Amino acid sequence: MRYINHRYFIHFCHPTSTFFSIIPFPSSTHNSNPNFPEMGSRRSFLRSWSSPLFLFVVVVALAASSADGSRAPRVPCYFIFGDSLYDSGNNNNLNTSAKVNYSPYGIDLPAGPTGRFSNGQTTADAIGEILGFKDFIPPFASNPDDRQILVGVNYASGSAGILVESGKQGGDNVDLSQQLRNHELTVSRIVEILGSKVAAFEYLGQCLYICDSGNNDYINNYILPQSTAIRNQYNPDQFAALLITQYSAQIIRLYELGARKVALAGISNIGCTPSLIATLGTNGAPCVNSVNQLVVPFNTRLKSLISQLKLSYPDAKFAYLDSVRVGTLVGAAAFRIRATSCCQVSTVTGLCLPNTVPCSQRPSYLFWDAFHPTELANQLAAPLFFPAIQRIL
């Protein structure tokens, strides 16, 4: 039985014992660096993996990821937009503090540090695996060749947002509008490859487009201490309306470039990230509830936008990916340690300090650094998102 993480498999035990356990599966590529410790003893982290809720998450994960790997992908191509939750290396050569092409990032990837803001796969990677893609979708910054762009391109950029200015206090990023301009270049190349715009758009209409954007418009814009001017200008509902107005134009532009199967992720409970918990405090609550409430108007308006898009563009399909629901399910189901990062982080950026040794029991941690989930959290989230995606394929 294939588990969603290639380094583990589900072992169904004798009826009198725990219903299942996660057992480290030897891998020639895992933890080849002797400077990093192994995952630790099985017993120390299995106790948090035996809840009925976790079993439910695993069953959904297995069902979504059980497709025969020899079959063709469910869609011919897959295009990814968004921020650091999906970035796979587009920031590596930018003048920015929001890049992670150094260890211990990528410790659980055979290639090591790639620019992904995790110890391994992102949620977008894991969704690609469920779709049936054997290889990761290449980042735009890697200058993918003609064969690669026909399979898809990842445009996501760490610290980027819907608004051009979001995240720029840390240096350069590729905001969503620029990501769309980059995609326009890709579409032009596909037109040349396939010989006509008609053929290209017929092909592109079969692809999946996924976008996770808006997080940094809050984390790296609206709630920054120095952003008093924008908070004075816009209350939370007005700011959400501003974002959705811009986002609407961006998604319509994506449609004009041939997209017909579009999945848009809502903003998760960002008040539950270790960074904001440490910075703002929770008054005894598990998360910073005031921050979580700030993003509610955005998610509400995004759902309404998707309903409007469905009416305005009946030849296209749009899906809402409920990040709050999925994040809550994954966090409650599987992880003992939810408010602390696995790696040692910078007090300035919240990212892992270069070349430090991360925690040994990574499956126990929900967060890799002060903002981003661990690979296992991403791999559990992907199949929970997938039913909404499957409806538009």
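Author: A disulfide is a pair of cysteine sulfur atoms within 2.5 Å. The model is predicted: local features need pLDDT of at least 70, side-chain atom pairs count only at pLDDT 80 or more, and totals for chains, interfaces and linings use all residues. Residues are numbered from 1 along each chain as its sequence is written, and side-chain values use heavy atoms, with hydrogens and water left out.

Reader: Why is the disulfide of Cys-342 and Cys-359 called left-handed?

Author: The torsion about its S-S bond is about -95°, so the link of Cys-342 and Cys-359 is left-handed. Cys-342 and Cys-359 both lie in the loop between β7 (337-341) and β8 (365-367), 17 residues apart; strands are DSSP runs of E with at least two residues, helices runs of H or I with at least four, numbered from the N terminus.

Reader: How do you know that Cys-77 and Cys-207 form a disulfide?

Author: Their sulfur atoms are 1.7 Å apart, and the limit is 2.5 Å, so the pair Cys-77 and Cys-207 qualifies. Cys-77 lies in the loop between α2 (52-64) and β3 (78-82) and Cys-207 in the loop between α6 (197-204) and β4 (208-212), so the pair ties together parts that are 130 residues apart in sequence.

Reader: What makes Cys-211 count as buried?

Author: Buried means under 20% relative accessible area, exposed over 50%, and partly exposed in between (1.4 Å probe, protein chains only). Cys-211 has 2% relative accessibility, so this residue counts as buried.
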